[in-house]
Amino acid sequence: MLKLASCLFFVLIFFGPDNFAQTSKQPNIIFIMSDDHTTQAVGAYGGRLAALNPTPNLDYLASEGMRFDQVFSTNSICTPSRATIMTGQYPQTNGVLDLDGELPPEKQYLPMELSKLGYTTAIIGKWHLKQEPAAFDYYEVLHVQGEYFNPDLKTKTAGKWPDNKINYPGHSSDVITDRTIEYLKKRDKSKPFFLMHHYKAPHDMFEYAPRYEEYLKDVEIPEPASLYSQPNFGSAATVGPLDKLKPVIGTSVSSRHIARNYVETFIEDSVQGDEATHLAYQEYLKRYLRCVKGVDDNLGRLFDFLKAEGLWENTVIVYTGDQGMMLGEHDLIDKRWMLEESMRMPFIVHYPGVIKPNSESKLLINNSDFAPTLINLAGGQVPSYMQGKSFTNTLKGQPESEWREATYYRYWMHMVHHWVPAHFGIRTDRYKLIFYYAKHHLPESEWKNFYWNDQLRSLGYSTPVAWELYDLKNDPFELHNRYEDPAYQEIIAGLKKQLAAQREELNETDKSYPEIQKIIEKHWDD
């Protein structure tokens, strides 16, 4: 008896109380991700929209767990971001650079690793990685973007991919929640489960369920000041000399952008100027927030189910978006930019008994870290092929060792869809350095025939190469480009060293893209 007691004492001391609890019973894991849900539209993050109370259920989740304030996408566009989350790798390593990328089953690492640890694995909702999610034990996924209403879900048990569709009536946020609850009811209860629960909303064009038509109808949505004025923002690459590029760079809320803007989309021709911009912004935000409301209400329904089923206490629940979203800041819509609102991701983690309620973290994280952390929480070791790092210690209230001081970012799709120039850069706790290199990664023979390039060329415009630097401590809304400021030259030199080192370390150089490499070498010291 004494010998047994001594052994138990040794085990408790060796593992510690938290680790002992986790190794004795693996937690279930639900990874919830919405499309384009940005921190500005999560009440728990504060900001100008918090007073509208857009996400009471998410705010409750944050109050019971940990809210992360510095979580960033490595490429703020849907397919590459999701590939990084699935692989724990940066785009050049996992091979998914842009919206045309595909993730084959042999690279669907996250469910593969959790299966090895004894988990059943499933994904329900948006997938957007082209190939069949065959590494999961079960799936029901939308086709590409999917439909907001009456969606088809490709279902593992309904035939051969990609024709294995089942149609469900209703709004996609409701349907996806229904299907997740149904899956959980019928799951294999002899094993812990890993479930990816992915909403289409609030992706454009913001088709909300009819029951939200009156939501925010008579409310004035707060506006960002940079919607109307930002005289010191940008560079030759983003506004052009004498603002020449403003009509063709970055789709807009106002009528600024000649090819796509929300004044033309939402407002009658009789309204002009700032009044038209104001009305377009109000319409944009109300549609967006009605979609967010649908997601949050459905999360409340999911949370209630988990509690009723006795799953709440031993389930890790993660909530995030696949990237951020520009909600009128800098008179921009969509994402793609290495600007805060675009690259910053909401990230909330619930794990009763491990995470203290109302916790907050400012650890500098990116989406390559998600898979390593989930594998670690499940009791596994982070695979050496993953480039991200586990932040499990932070979840337990303990410090991380040898953590990154900066996060790398790259957007590859030069002047595509929303007319955002290709760029890469680095963000530290305080500074952000961005290099716009003015070239698509595809050969000119392929890229030159895209309709958006033809339109740009017909106007006689081109995008120059340029650098931008933002001091996030003194300029949190990124309104003043400090790259030419003499006071920041030593800081810029240090950031460039960090940027070059990360590009080498992460396999993110342009050795495979010699034309881009020439541009980098020519302009590195500009």
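Two strands pair if DSSP finds at least two bridges between them. With that in hand, welcome to a predicted model, in which local features need pLDDT of at least 70, side-chain atom pairs count only at pLDDT 80 or more, and totals for chains, interfaces and linings use all residues. Residues are numbered from 1 along each chain as its sequence is written, and side-chain values use heavy atoms, leaving out hydrogens and water.

**Overall build**
- The chain holds 15 helices and 16 strands, which are DSSP runs (helices: H or I, at least four residues; strands: E, at least two) numbered from the N terminus.
- Its C-alpha atoms fill a box of roughly 85 × 50 × 45 Å along the principal axes.
- Of the 526 residues, 60% count as buried, meaning under 20% relative accessible area with a 1.4 Å probe and protein chains only.
- Take the contacts (heavy atoms within 4.5 Å) between residues at least 6 apart in sequence: 70% of them join residues at least 24 apart.

- All six residues of β14 (residues 423-428) are buried, so the strand is largely enclosed by the rest of the structure.
- His423, Gly425 and Arg427 point one way from β14, while Phe424, Ile426 and Thr428 point the other way.

**Neighbours of β14**
- On β13 (residues 406-411), the pairing with β14 is antiparallel over six bridges, and tyrosine 409 stands opposite glycine 425 of β14.
- With β15 (residues 431-436), β14 pairs in the antiparallel sense over five bridges; here arginine 427 has lysine 432 of β15 as its bridge partner.
- A hairpin of two residues links β14 to β15.

Notes
Buried means under 20% relative accessible area, exposed over 50%, partly exposed in between (1.4 Å probe, protein chains only).
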